[in-house]
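Welcome to this short tour. Please open the structure in your viewer and keep the selection tool at hand.

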Amino acid sequence: MGMSFAQKVLAAKAGLESVAIGQIVEIEPDYCLSHDNTAAISKTFKKIGVERVKYPERFVIVLDHTVPASTEKYALGHKEIREFVHEQGIANFYDAGVGICHQVLPEKGFALPGALILGSDSHTTTYGAFGAFSAGVGRSEMAVLYATGKIWLKTPASFKIVVSGKLEEPITSKDLVLKIIGMIGADGALYRSIEFTGRAIEEMSLSSRMVLSNMAIECGAKNGYIAPDKKTFAFLDGRAVCEYTPVYPDPDAKYEKVLEFDTTRLDPQVAKPHTVDNVSPVEEVAGTKIHQALIGTCTNGRLEDLRLAAKILSGNKVAHSVRLLILPASQEVLLRALREGLIEIFVEAGALVLNPGCGPCLGAHQGVLAPGEVCLSTANRNFKGRMGSRDAEIYLASPATVAASAITGVITDPRAEFVGGAK
Amino acid sequence: MIEGRVWKYRDDVNTDVIFPGKYTYQPLEPAEMAEHAMEDLDSSFAKEVKKGDVIVSGYNFGCGSSREQAATCLKAAGIAAVIAKSFSRIFFRNAINNGLPVIELEDGVGDMEKGDTVSIDFEAGTVTHEGNTYHFPALPKEVLAILNDGGLIPHVRKELGKA
């Protein structure tokens, strides 16, 4: 019997010929990620009674959730992290401003095909877009990984999601993933390994693929794999921190479910308050008044997202009733957006351009919502209270839909604002 | 064996409503975390929860963020166990790692209401409610060992000979 991607990676890491679904294995991840929560993790680590991080070279720490620090408490946390990193000799440290962890790890060459990566952040699934097995864990587990380098994992069953067709601007992989989550539900792939495949995935850019893997967690998946190909290898050329061996599922691998989607007649999608699986075509909520629009986050803050938004915003003005926040996902993205003139377009349109980081996505700072306000965001979560007030509403959509809606002040189908690429 | 009063919730209770993100990066002690437990879902919870109470919920309990405080705050609030039709995997791990028992059970959950009493027999693997007894599967031995040691940190300290 052939093995799925998840089985092959877990078997290889455990030093076994094969692993069965449900089998628990003890493994050592190749890389582990933590972010601002490293302050808390380092304190838990000290409680274990081990002096030194066992494999400092395997840990990557990125400050992104509350950068730059907006309160004294956040500032203290960051200071403690800098001290911990220095004391433990953790070289892979990216301080405030470098970017959002899920953008920084790929850019710095850690998101490698066949690698096993764990992070104390649920969107660690993002690296599946590069053919890695990557999943989120908790803070205590990360502290134990610092101390021992080891963790137990259970081998998940796998779903194959086959996507045919080709996405045409302004329809994006965000519309596709919202459609998938809306159809299968917030627990539709609970504790399953998803393998995304098919013509539409092959045609997609790596940035578009990252949206799918990033949001695999929103239907409960443990990880979201996409087979690495020449686009992946070209991206990693000059970036990869070490040599890597791509892992592909066996042709006769067994899948618990095979789901098929066609992008041919895909309309722009939106997730309505207060769950990510509460999805409908944009058309159904068109005209809903918004107060804030956000383009950025680990889901949609990449260069192709900013380019798409700039095409729509170019020569237009953000509605007076709307605050449009734009957060490039990293310094690299920001620099390229600057050089291409995208930032100028945003500022001329009246957008508020913020530093690379998570921004208000999780409600910690930089543009939280007041009671009764409505935000349309390119992020991945719209839970009640997530961006500030529990009496605010969050809708999720693609960068195209958010840009078009920022101009009109109401939720708008981007096809109305976007005609043939240039206005 | 425990007997507890039920707090009943729906499907897809996410970690943002269990423990809001605005507190996630603040250094709080477990008792302070308990004050914010369920803040954006049920404002009466933190005020009225008693030690030994049990949460009963639908599918996908604890979905969303990996924030461990979602488990820590419930444990600190006195919750003795969470019974749900299913759990998100990171919350499940976090609960075990905090010594908070999690019970996956579909049968009978629909009949359990807020304020009811349920008894849980961990050795027998049963939940009893109004005379009906429901069976839940035993946890894998590797996982049970962590729970029995009171959580991951005491478990690892024991394994490393630090306890």
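Two residues are in contact if their C-beta atoms, placed from the backbone, lie within 7 Å. With that in mind, select chain A of this predicted model. Among its contacts between residues at least 6 apart in sequence, 78% join residues at least 24 apart.

**The whole of chain A**

Stay with chain A and colour it by secondary structure: there are 16 helices and 18 strands. How does the radius of gyration of chain A agree with that of a compact globule? A compact globule of 423 residues would have a value near 22 Å, and chain A has 21 Å, so the two agree. Of these 423 residues, 61% count as buried.

Where they touch, domain 1 of chain A contributes 33 residues and domain 2 of chain A contributes 32.

Now look at the domain 1 side of this contact. Helix H4 (101-107), helix H6 (173-184) and helix H8 (206-215) of chain A each supply at least two residues to it. Which of the elements gives the most to this side? Pick H6(A), which gives 6 residues. Sorted by class, this side of domain 1 has 10 nonpolar, 16 polar and 7 charged residues.

**A pair of strands**

Move on to strand S17 (residues 374-377) and strand S18 of chain A, which pair in the parallel sense over 4 bridges. Click on A:Ser377 and then on A:Leu396, its bridge partner in S18(A).

Show the side chains of S18(A), residues 393-396. In a regular strand, side chains alternate between the two faces of the sheet. Here A:Glu393 and A:Tyr395 point one way, while A:Ile394 and A:Leu396 point the other way. Are these four residues buried or exposed? All are buried.

**Where chain A touches chain B**

For the last stop, bring chain B into view. The contact between the chains takes 44 residues from chain A and 34 residues from chain B. On the chain A side, select helix H2 (38-48), helix H3 (72-88) and helix H5 (139-148), the elements that each give two or more residues. H5(A) provides the largest share, 6 residues. By class, the chain A side has 16 nonpolar, 16 polar and 12 charged residues.

Technical notes. Residues numbered from 1 in each chain as written. Chains lettered and ligands numbered in written order. Predicted model: local features only at pLDDT ≥ 70, side-chain atom pairs only at ≥ 80, totals over all residues. Rg over C-alpha atoms; globule rule 2.2 N^0.38 Å. Buried ≥ 20, exposed ≤ 12 C-beta atoms within 10 Å, placed from the backbone. Nonpolar A, V, L, I, M, F, W, Y, C, P; charged D, E, K, R; others polar. Pairing = 2+ DSSP bridges.
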